[in-house]
Amino acid sequence: MIEKMKFISITGPKADIDRVVNTYLSKYEIHLENALSELTSVANLSPFLEVNPYRESLTAAKNFCSELEALPAVSPKEISIEEALSIVEEVQNEAKRYKEEKASLEAEHANMVESLKIIRHFKNIDFDISTILNFKFIHLRFGRIEKRYFQNFQNYIYENLDTLFFKCEEDEEYVYGVYFVPGREAQRIHAVYSSMHFERIFLPDCYTGTGKEAFQQLDSRHKEIHAALDANKAGWSKYLSDNNQRLVSAKAAIEKYSSNFDVRRLAACTPGESKVFFILCGWMSEKDALAFQNDIKDDTQIFCLMGNNGEEIVQQPPTKLKNPKLFKPFEMYVKMYGLPAYGEMDPTWFVAITYSFIFGAMFGDVGQGLLLFIGGFLLYHFKKIDLAGIISCAGFFSTIFGFLFGSIFGFEDVIPALWLRPMNAMMTVPFIGKLNTVFIVAIGFGMGIILLCMIFNIINAWRSKDMEKTWFDTNSVAGLVFYGSAVVSIGLILSGRSLPGTAVLCVMFLLPLLVIFFKEPLTNLAEKKAEVMPKQKGMFIVQGIFEMFEVLLSYFSNTLSFVRIGAFAVSHAAMMEVVLMLAGAESGSPNILVVVLGNLFVCGMEGLIVGIQVLRLEYYEIFSRFYKGTGRRFEPFRSK
């Protein structure tokens with residue numbers, strides 16, 4: 001069912017809004033609306049303009065708490081807002097220190113990697129590198145040269161130049177080294193080396209000792225930086241772990257005050273300079289609204305006006321579902337389709353009954369039904385999974401139909417069938433011949449469901465004062481008369497009784513179809529509109545003919561769609577018969593492993609398919625006839 005809502009308007013001194021929110025509104029669930037948008041008839045209202053002072057601290061607290069996901073969850077403790085802000089500031093300062101230390105280490109690490117990358121190729125130099133780099137009369141350059149050019153250089157040029165090339169290292173492609181030249185010949189010899197594709201590598205002045213010593217020093221410092229980075233990360237993690245409780249408590253406190261402060265965005269202020277009042281408005285359940293009024297009756301600072309029939313209310317009331325625990329899991333299916341509008345019928349109970357019943361008829365087996373019932377119940381009880389609750393209810397009805405069909409884990413010779421065997425039960429239908437009984441029953445059940453859905457549609461349309469959908473539409477009174485007449489006629493034929501006279505049949509069939517055909521003019525006439533018939537009458541007739549064809553076809557196809565209930569009941573029995581055949585049940589000693597695996601396979605695969613097919617029936621054959629699902633979700637600014 002849908003809880004009855006009351007629209008309330010709360011007024012008090014502007015400076016008193018925090019007290020009102022913390023003292024009163026925090027106790028109840030209230031769906032707040034924008035006061036400026038709702039109270040359009042009240043003149044000279046202005047928005048409540050204040051910046052939330054808790055927003056930055058809340059963002060920081062959330063970011064810190066997101067890093068606590070790997071730690072065990074803790075419950076927040078009640079602390080003051082001042083203490084909460086102090087905790088966040090303390091953690092921010094500590095985070096800044098760790099962050100600055102990490103940034104410094106990472107910058108040094110990047111330089112260290114680059115220095116190691118350079119000196120690695122020259123670590124065989126057995127001279128003090130800082131001394132070499134400070135030569136005054138001899139020029140030198142570190143670098144590399146491709147092997148093919150180096151061989152030509154050695155064979156044809158090297159002996160004729162005043163230079164010394166010291167080879168340090170070589171790989172598959174390059175020779176690394178350093179060459180020395182006298183200062184007076186430097187420019188010319190540099191040009192020769194460049195012509196041989198010598199690539200210069202610049203060495204910074206940070207190296208001390210020989211190449212090997214410099215490499216070892218840098219490598220040692222590189223490892224120290226890595227260890228420092230790991231220590232930095234571990235230290236921050238330990239700090240968060242040690243302050244886990246404080247952080248969670250601070251976040252909860254700031255979140256509460258920030259949420260309270262954000263109420264200002266939806267509030268309006270009355271004009272004035274000295275005495276300014278706030279106005280908050282929203283929706284409460286009738287029970288909470290009465291309790292709230294009783295709670296504030298002795299408070300002289302605030303005033304509350306309750307009612308939901310005023311013309312100044314713009315938004316339709318939000319929808320808050322309240323169903324028994326047995327039906328509550330099925331709210332998931334309703335919400336997937338769309339919440340019912342306020343004043344519309346809540347179909348949760350109807351979905352719960354029809355879904356479970358149809359599933360049981362399509363999947364009738366005592367053993368497999370009990371598995372679904374018990375497994376779903378345990379999952380729902382411990383994990384609170386809505387789908388598990390639905391499976392449990394469906395399994396219960398599967399068990400009932402299992403007894404009616406006399407089937408337990410596919411064996412049909414263990415218990416007697418209290419009703420019939422789906423594969424064997426046949427009946428004679430006039431003009432058609434023999435048909436499976438479950439098919440006929442499924443169609444009859446579908447007809448009853450369609451008629452019931454039409455009645456629901458008429459009730460919903462009557463509540464919303466929709467003339468066309470109440471009297472003249474496909475699922476209105478006219479549609480109910482036509483389809484109900486068809487159902488009665490089919491029942492008379494199957495029972496071998498004679499049909500009513502021609503005049504009665506015309507009233508039963510032709511009159512409702514004519515009403516549906518002329519639904520638009522009839523609606524205009526009933527609503528006393530100036531223009532009854534559309535201007536383009538030829539187009540109206542052509543469109544009406546095609547719509548009538550579609551209407552008749554939809555009645556027929558929607559009815560036949562329920563045949564799937566009987567089809568799956570038969571197919572389930574057939575699949576289990578195949579499983580038992582593979583297990584060798586005919587010999588009297590079936591293979592237990594094959595029986596178990598076969599039952600699990602059928603229970604999983606066919607259970608999934610049947611569940612989807614039943615949901616399809618609910619959405620396309622049932623919901624589409626009476627349910628809109630255009631409601632707004634009830635969203636309290638703070639849950640209880």
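Predicted model: local features only at pLDDT ≥ 70, side-chain atom pairs only at ≥ 80, totals over all residues.
**Exercise 1.** Classify the geometry of the ring pair formed by Y28 and F292, and state which parts of the chain the pair links.

Solution. The structure holds 44 aromatic pairs, and one of them joins Y28 to F292. A pair of aromatic rings is described by the distance of the centres and the angle of the planes. For Y28 and F292 the centres are 5.9 Å apart and the planes stand at 80°, so the pair is edge-to-face, given that angles over 60 degrees count as such.

**Exercise 2.** Determine whether the rings of F357 and F445 are stacked or edge-to-face, and whether each residue is buried or exposed or in between.

Solution. The centres of F357 and F445 lie 5.4 Å from each other with 25° between the planes, and the pair is stacked, since planes under 30 degrees apart count as stacked. F357 belongs to helix α12 (residues 348-362) and F445 to helix α15 (residues 437-463), so this pair ties together parts that are 88 residues apart in sequence. As for accessibility, F357 has a relative value of 33% and counts as partly exposed, and F445, with 25%, counts as partly exposed.

**Exercise 3.** Identify the rings over which the charged ends of K14 and R144 sit, and give the distance in each case.

Solution. Starting with K14, its charged end sits over the ring of F48, at 5.0 Å from the centre of that ring. Turning to R144, its charged end sits over the ring of Y174, where the distance to the ring centre is 3.9 Å.

**Exercise 4.** Find which residues touch the most other members of the largest nonpolar core, and list what Y355 touches.

Solution. In soluble globular proteins, nonpolar side chains tend to be buried together. Here the largest nonpolar core has 55 residues, and those touching the most other members are F330, Y333, Y355, I565, I622 and F626. Taking Y355 and leaving aside residues up to four places away in sequence, one finds that it touches F330, Y333, I390, G611, V614, L615 and E618.

**Exercise 5.** Describe where L85 lies, how accessible L85 is and what it touches.

Solution. L85 lies in helix α4 (residues 81-119) and is partly exposed, with a relative accessible area of 27%. Beyond residues up to four places away in sequence, L85 touches Y54, S57 and I254. Along the chain, L85 and S75 are 10 residues apart, and their C-alpha atoms are separated by 18 Å.

**Exercise 6.** Locate K384 and F409, and state the phi value of each.

Solution. K384, a residue other than glycine, has a positive phi near 55°; K384 is placed in the loop between α13 (366-383) and α14 (386-405), and at 57% relative accessibility K384 counts as exposed. F409 is likewise not a glycine, and its phi is positive, at about 55°. F409 is found in the loop between α14 and β11 (426-429), and with 30% relative accessibility F409 counts as partly exposed.

Terms used:
Residues numbered from 1 in each chain as written. Heavy atoms only, no water. Phe/Tyr/Trp six-rings, centres within 6.5 Å; stacked < 30°, edge-to-face > 60°. Helix = DSSP H or I, 4+ residues; strand = E, 2+ residues; numbered from the N terminus. Buried < 20%, exposed > 50% of the residue type's maximum accessible area, 1.4 Å probe, protein only. Lys NZ or Arg CZ within 6 Å of the ring centre and 35° of its normal. Contact = heavy atoms within 4.5 Å. Core = buried A, V, L, I, M, F, W, Y, C linked by side-chain atoms within 4.5 Å.
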